[in-house]
Amino acid sequence: MSQMISGRIAGGIFALAATALLVLGALGGLLMEAAGNWNGATAAFDAYLLRVAQFTLWQALLSTLLSVVPAIFVARALARHPSFPGRAFILRLFALPLALPAVVVALGVLALYGRAGYFAGLLTLTFGERWQGIYGLSGILVAHVFFNLPLATRLFLGALESVPSGQWRLAAQLGMNARASFRFIEWPVLRSAIPGVAGLVFMLCATSFAIVLMLGGGPRATTLEVAIYQALRFDFDPARAVSLTLVQVLLTAAIVVFLGRLGASMTGDASLPLAPNRRIWRNGGETLANIVLVLLALAFVAGPMLAIVAGGLQADLVRLAGERSVRAAALTSLILSASAALLCVILSFALVAGRRALELRRGNMPAGPAERFMDSGVAMVLVVPPVVIGAGWFILLQNAGDVFTFAPLMVVTVNAVMAMPFAVRAIRPAYDAASARHEKLCLSLGVTGWNRLRLVDWPSLRRPGATALAFAMALSFGDLGVIALFGSENVQTLPYLLLSRMSSYRTADAAGLALMLAILCLVLMMAAERLGRARA
Amino acid sequence: MRKDHKGTSGAAIRLDNVRFTYPGGPPMIFDLSVGPGTIVAIMGPSGSGKSTMLNLIAGFEPPSSGRILIADADVTALPPAKRPVSMVFQENNLFAHLTTAANVGLGRSPSLKLSEEDRQDITQAIARTGLAGKEMRLPHELSGGERQRVALARVLVRERPVLLLDEAFASLGPALRDEMLDLLAELHAERGMTVLMATHDPADADRVAEIIAFIDEGRVAAVGLAKDFLSGYGPDAFARYVGERHANRDPALARKRT
């Protein structure tokens with residue numbers, strides 16, 4: 001018995017060590033650089049850094065407000081109308097932005113509100129002067145709200161649908177109007193959900209990279225992550241990168257600690273029970289207001305998606321698909337994201353199995369540090385955004401030769417680790433349940449090792465494993481974080497190619513690439529969801 | 001609306017060919033006539049339609065056809081709040097973040113705009129249900145029985161002539177349940193409202209109900225005096241439902257019937 005458990009523990013510890021090596025190695029690289037060039041590092045704590053840090057927090061705060069406050073009312077409107085034609089469609093549509101790569105969304109926003117966007121004519125008429133396009137803060141905000149308004153709406157709706165149907169009936173019997181039922185039923189539920197939702201949105205916005213990179217303009221609209229990227233790629237100023245990265249890590253760590261206090265879920269689960277069974281009594285005025293509100297939110301969310309499709313179809317997709325660089329990038333993307341996903345699932349499985357084995361071994365004793373690290377330590381990965389890990393290794397590897405030859409390795413490992421919190425969440429419940437059911441049986445029958453994996457674990461983990469794989473692959477496929485740092489002529493992924501076409505003003509090409517990226521990511525995400533849902 | 005019923009005693013209830021079907025479920029048809037001020041125990045197997053019938057009377061479910069009359073007025077098209085009805089559920093009768101006084105006060109004003117007179121009535125109702133001194137408690141600081149007392153206090157301040165109880169005391173222990181039924185009987189003696197209470201337990205019916213309506217497969221299968229039904233004079237289906245222990249208090253009588 002002890003033998004089969006210790007095997008799993010060893011696997012778990014190995015996975016934990018590998019993850020820690022990647023994250024801590026990056027931080028170590030930064031600290032070594034800082035120690036080696038102390039004057040440079042301290043000199044980098046200047047007005048520029050302060051301004052960038054300020055802007056990072058400021059845009060995250062505004063994005064959070066603009067996402068969360070309207071989401072409260074949109075969620076409430078949807079909760080007040082539990083069944084109408086198109087409701088399920090709206091909710092599915094609201095799940096899409098999270099599945100779209102940030103590069104694609106940035107492009108969609110530009111295609112709509114940019115200088116040459118679909119709305120440029122209208123906006124020029126409205127403001128009476130030539131529309132300059134939304135770069136800078138306004139562009140960042142629009143894109144962040146596009147991502148997070150639907151997410152927050154779904155989270156709030158989930159909270160509202162947890163209200164027992166008896167309470168709605170009571171409200172109906174007592175004759176509560178919209179205001180009274182908001183005050184006595186909806187607001188108490190929403191109020192307790194707000195800290196978690198707002199915290200999650202704030203974290204996502206404070207660490208967003210691709211959006212700010214593509215929509216932020218110049219030093220006035222730069223966040224810490226983009227400044228790190230610029231310091232390494234354009235200014236070759238490792239000292240500045242180090243100080244920026246340290247500030248970023250401290251900032252996100254502070255946010256995470258704060259979020260932990262609020263009890264926020266860092267991975268943002270927004271699964272909704274469909275077809276809630278209840279009736280709500282409303283008057284005509286409220287219904288009209290709700291319809292207007294939902295339609296506005298729908299237009300705001302659907303707009304950039306339609307723009308992505310329309311812009312993509314205008315591009316010469318056939319020529320694009322025939323280009324050697326596009327094909328090479330697509331192939332590179334597929335290979336790298338598949339490897340990252342595979343690595344992610346293997347590491348996650350090892351962690352989950354190791355944690356469970358430690359739990360079994362200790363019996364009723366309190367959990368040791370190794371188990372606790374395997375339990376919640378994975379979420380700590382989110383403290384260190386991919387760009388930061390990339391930056392740390394970029395600086396470290398500078399001394400080891402040509403940094404860009406490490407691109408595939410860095411992309412695969414960082415993206416794998418980045419997706420681990422999500423993969424662990426998909427795999428762990430199934431593994432723990434299967435273990436609780438089969439552990440004793442396996443012991444008594446002597447089913448161990450490979451046989452156990454094949455006969456017992458595999459059947460119960462096939463589906464959650466596939467979910468995790470597809471999700472990790474989608475995340476990695478659309479990521480423009482590490483590749484922005486390590487990408488070069490030799491190693492290009494689709495998002496990287498998109499970025500370089502954008503910066504050389506080949507907008508039609510970029511739009512076509514964005515459509516391809518969007519479709520591939522959506523297919524993967526849908527596969528992940530379908531596999532997850534069919535799980536018994 | 002409220003003032004119309006103030007101080008009134010119970011109202012007659014009539015269900016006239018009231019049809020209702022859950023999606024994918026079998027059709028239900030309810031016909032029932034209850035005199036003003038009566039206490040009726042609604043009994044029947046799980047899923048037979050007891051709660052559905054109460055929900056139709058309260059207005060939580062819309063019938064596909066038929067009429068619901070309360071005090072001879074057709075209420076079929078009225079929303080729940082406009083019906084002269086109060087309902088107490090098995091749970092979730094209280095808003096978890098509001099005090100006892102506020103939960104009761106909602107029975108007077110759904111926006112808690114309360115006059116001095118309202119406040120006095122509320123205090124009285126709370127005292128009447130044995131909760132004096134617990135006005136400022138939150139629901140989680142009350143026991144299960146106390147929470148249902150708060151719901152009854154709200155019924156008192158609402159002053160509606162019809163009270164529907166949907167297994168309201170089913171989750172309480174036997175002694176507590178008897179206590180609540182006795183309180184219900186006292187309140188009924190003072191106010192005289194018409195009470196329909198869905199219950200599984202013949203002992204509940206025995207303690208307070210005059211009439212038993214037996215619901216089976218979405219229909220009112222039989223209506224009769226509680227003491228007859230419970231001493232074996234009820235229909236066979238009812239006897240089978242409650243079982244030997246309760247139905248045949250006097251085996252000789254029961255055998256005679258068949």
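**Where chains A and B meet, and what sits inside chain A**

Between chain B and chain A, nine residue pairs are in polar contact (both at pLDDT 80 or more); a polar contact is a pair of N or O atoms within 3.5 Å, where within protein one must be able to donate a hydrogen and the other to accept it, and residues adjacent in sequence count only if both atoms are side-chain atoms. Keep in mind that this is a predicted model, so local features need pLDDT of at least 70 and side-chain atom pairs count only at pLDDT 80 or more, while totals for chains, interfaces and linings use all residues. As for bookkeeping, residues are numbered from 1 along each chain as its sequence is written, chains are lettered from A and ligands numbered from 1 in the order in which they are written, and side-chain values use heavy atoms, with hydrogens and water left out.

**The interface**

- Chain B brings 26 residues to the contact and chain A brings 17 residues, with contact meaning heavy atoms within 4.5 Å.
- About 2,000 Å² is buried between the two chains, and carbon and sulfur atoms give 61% of that; buried area is the accessible area (1.4 Å probe) that two parts lose on being put together, summed over both.
- Phe60(B), Phe95(B) and Pro110(B) supply 31% of the area that chain B buries against chain A, more than any other three residues.
- The rule finds one salt bridge across this interface, a salt bridge being a side-chain nitrogen of Lys or Arg within 4 Å of a carboxyl oxygen of Asp or Glu.
- Glu61(B) pairs with Arg169(A) in a salt bridge, and their closest N and O atoms are 3.4 Å apart.

**A charged network in chain A**

- Salt bridges link Asp316(A), Arg319(A), Glu323(A), Arg501(A), Arg506(A) and Asp509(A) into a network.
- Asp509(A) sits in helix 22 (residues 507-533) of chain A; helices (H or I, at least four residues) and strands (E, at least two) are DSSP runs, numbered from the N terminus.
- At 7% relative accessibility, Asp509(A) counts as buried; buried means under 20% relative accessible area, exposed over 50%, and partly exposed in between (1.4 Å probe, protein chains only).
- The side chain of Asp509(A) makes a polar contact of 3.0 Å with the side chain of Arg501(A).
- Asp316(A) and Arg319(A) form a salt bridge, with closest N and O atoms 3.9 Å apart. Asp316(A) is partly exposed at 42%, and Arg319(A) is partly exposed at 38%.
- Eight of the ten residues of helix 21 (residues 494-503) of chain A are buried, including Arg501(A).

- Over all chains, the search finds 32 salt bridges.
- One of them joins Glu186(A) and Arg80(A), at 3.6 Å between the closest N and O atoms. Glu186(A) lies in helix 9 (residues 178-206) and Arg80(A) in helix 3 (residues 47-80), so the pair ties together parts 106 residues apart in sequence. Both residues are buried.
- Arg355(A) and Asp432(A) meet in another salt bridge (2.9 Å, N to O). Helix 15 (residues 324-362) holds Arg355(A) and helix 18 (residues 407-445) holds Asp432(A), 77 residues apart.
- Arg355(A) is buried at 3%, and Asp432(A) counts as buried at 15%.

**Cysteines**

- There are zero disulfides over all chains, a disulfide being a pair of cysteine sulfur atoms within 2.5 Å.
- The sulfur of Cys344(A) is 15 Å from the closest cysteine sulfur, in Cys521(A), so it's too far for a bond.
- Cys344(A) is buried at 0% relative accessible area, and Cys521(A) is buried at 0% too.
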